[in-house]
Amino acid sequence: MRRNSCVFLLTLIAGLVMTGCSKEEVPTDTVVESSTVAEETVTMESSTVAEEVPEVDHSAEVAVVEGLSEDFVFGCDMSMLIAQENSGVVYYNEAGEEQDPLLTLANNGVDSIRIRIWNDPYDENGNGYGGGNNDTATAIAIGQRATEHGMSTFIDYHYSDFWADPKKQMLPKAWVGMTTEELADAIYAFTKDSLGQILAAGVDVSMVQLGNEITNGMCDEVNWNNIGMMLRSGCKAVRELEEEYGKEIQIVMHFANPHTADYQKLAMRLQNNEVDYDIFATSYYPFWNGTLENLQTVLQGIIDNYGKKVMVAEISYPYTFEDGDNNQNSLYENCGQRFDYEISEQGQAEAVRDCVEVLATYGENAAGIFYWEPAWIPVPGDTGMTRSEIWEKYGSGWASSYAAAYDPNDAGKYYGGSAWDNQALFDHEGNPLSSIQMFDMMKGE
């Protein structure tokens, strides 16, 4: 990256930190990469087994979590998987053998795989916006593999063509200009068609999320009477397919930044609008979203006042501050965020375990926890291609330059690679970290 770009980006980050940035201000999908990324060619060995496998550090250990219900789900969001593999990323098991990372996760106690879906993450010429280019076909490919390895899937509909979060809820291109009633019909039709395809493909779907982090609205709408109408349509599609396939599918509502007053208000709005859902879910990033004591109070209020199950749909923690792809990580040394655990594999495992321990206090009302993008590691590159070229071609960066036409104010300025590689459960070469064992450890297996 050229010096002038670095100065600009560091200044931007410093400004966000000074204002006390939260997940809305520096969302999980935010990266500070520009089109001036260093043009470095990185080669990749074609061997199916790593020639030199570094010794895996098995030092990370966590205690069993008592009180978890039998139905508690330990999951991971693996939406980037296909784009990563298309980019030449290779994953290994603990023995240094090439292995499907989904199998590695399953072998370490992961029960379910979360997969996001965008309506149409491509431009008019078929170029992907990046971030995994996660359409329904991609979800089917990942979901079928998860099912083969004995894991259920958790489908996450953003109802956008690209990232949706508390700061950004952009309409899909095809839905622009629709009335609220038309949007509700479109959500019903899209959900019914997409989820129907997934179920018909044999994917074991256990949960479906309608909207992503919809704390401040959904589909460019902030009026909750209108949002309620749209959510009811999505629920209707899921319930019809649930009956058609004779399969229980739990419906999830997902929010970000847990605060008691805000979450009580959101749960009340869902109830007043007669939204038929099962699980109230939150993102909880320890470095952005406050204390565990606050989280426990907030979610207990949802259980007590609204009788819903609760879940942490996204969590992560860094094991290193090292950047693996010359693309600024979301978390780095002296970034101004709070780190209550050491930056190590041990700290990573403890951060997740402590959150699970909070959820365990809810007994059968705790649905589960999902680690966000544990395999989004640096792309190694093919001979003759730079990393930036690979991100553009395969969608393995958080955004490609093609996304600028859809999202000019964010992706159009900061497209690039992974800002998450230092929070993965695989190292930069694709070897599993010792922290990946935390799921089995928490179960006592």
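So, burial: of the 445 residues in this chain, 62% count as buried. Keep in mind that we're looking at a predicted model. The chain has 12 helices and 8 strands. And if you take the contacts with a separation of 6 or more, residues 24 or more positions apart account for 80% of them.

Let's go to helix packing. Two packed helices are described by the angle between their axes and the distance between the axes, and I've got two pairs to show you.

Pair one is H5 and H6. H5 covers residues 180–200 and H6 covers residues 224–245. Their axes are 8 Å apart, and the angle is about 30°. Anything under 35 degrees counts as roughly parallel, so H5 is roughly parallel to H6. The crossing is right-handed.

Who's touching whom here? On the H5 side the contact includes Leu183, Ala184, Ile187, Tyr188, Leu195 and Leu199. On the H6 side, have a look at Met229, Met230, Ala237, Val238, Leu241 and Tyr245, which are among the residues making the contact. There are also charged side chains in there, including Glu181 and Lys192 of H5 and Lys236, Glu240 and Glu244 of H6. The tally for this contact is 13 nonpolar, 6 polar and 5 charged.

H7 passes H8 in a right-handed crossing. From H7, the contact uses Thr260, Tyr263, Gln264, Ala267, Met268 and Gln271. From H8, you get Thr297, Val298, Gly301, Ile302, Asn305 and Tyr306. How do the residues of the contact of H7 with H8 divide? They come out as 6 nonpolar, 6 polar and no charged.

Now follow the chain out of H7. Asparagine 273 is in the loop between H7 and strand S6, which is 279–283. Is asparagine 273 buried or exposed? Its relative accessibility is 9%, so asparagine 273 counts as buried. Setting aside neighbours within four places in sequence, asparagine 273 is in contact with Trp224, Asn225, Gly228 and Arg232.

Here's another asparagine in a loop. Asparagine 119 lies between strand S2, 112–117, and helix H4, 136–148. Asparagine 119 counts as buried because its relative accessibility is 17%, and the cut-off for buried is under 20%. Which residues does asparagine 119 touch, not counting those up to four places away in sequence? The answer is Tyr159, Ser160, Asp161, Pro172, Trp175 and Phe190.

On to a strand. Valine 205 is in S4, residues 205–210. At 0% relative accessibility, valine 205 is buried. Leaving out neighbours within four places in sequence, its contacts are Thr153, Ile155, Leu195, Ile198, Leu199, Lys247, Glu248 and Ile249. You've already met Leu195 and Leu199, which are part of the H5 side of the contact with H6. As for arginine 114, it is 91 residues from valine 205 in sequence, and the two sit 9.8 Å apart in space, C-alpha to C-alpha.

Next, some backbone. Most residues other than glycine have a negative phi. Glutamate 213 has a positive phi of about 50°, and it is not a glycine. You'll find glutamate 213 in the loop between S4 and H6, and it is buried, with a relative accessible area of 2%. Asparagine 334 has a positive phi too, about 60°, and again it is not a glycine. Asparagine 334 is in the loop between strand S7, 309–315, and helix H9, 345–360. At 74% relative accessibility, asparagine 334 counts as exposed, whereas glutamate 213 is buried.

A disulfide is a covalent bond between the sulfur atoms of two cysteines. How many disulfides does a search of the whole structure find? It finds 0. As for where two of the cysteines sit, cysteine 219 is buried, with a relative accessible area of 2%. Cysteine 235 also counts as buried, at 2% relative accessibility.

Methods. Residues numbered from 1 in each chain as written. Predicted model: local features only at pLDDT ≥ 70, side-chain atom pairs only at ≥ 80, totals over all residues. Heavy atoms only, no water. Left-handed = near helix turned anticlockwise from the far one by under 90°. Helix = DSSP H or I, 4+ residues; strand = E, 2+ residues; numbered from the N terminus. Contact = heavy atoms within 4.5 Å. Disulfide = S-S within 2.5 Å. Buried < 20%, exposed > 50% of the residue type's maximum accessible area, 1.4 Å probe, protein only. Axes fitted to C-alpha atoms, helices over the stretch in contact; angles between N-to-C directions. Parallel < 35°, antiparallel > 145°, perpendicular 65-115°, else oblique.
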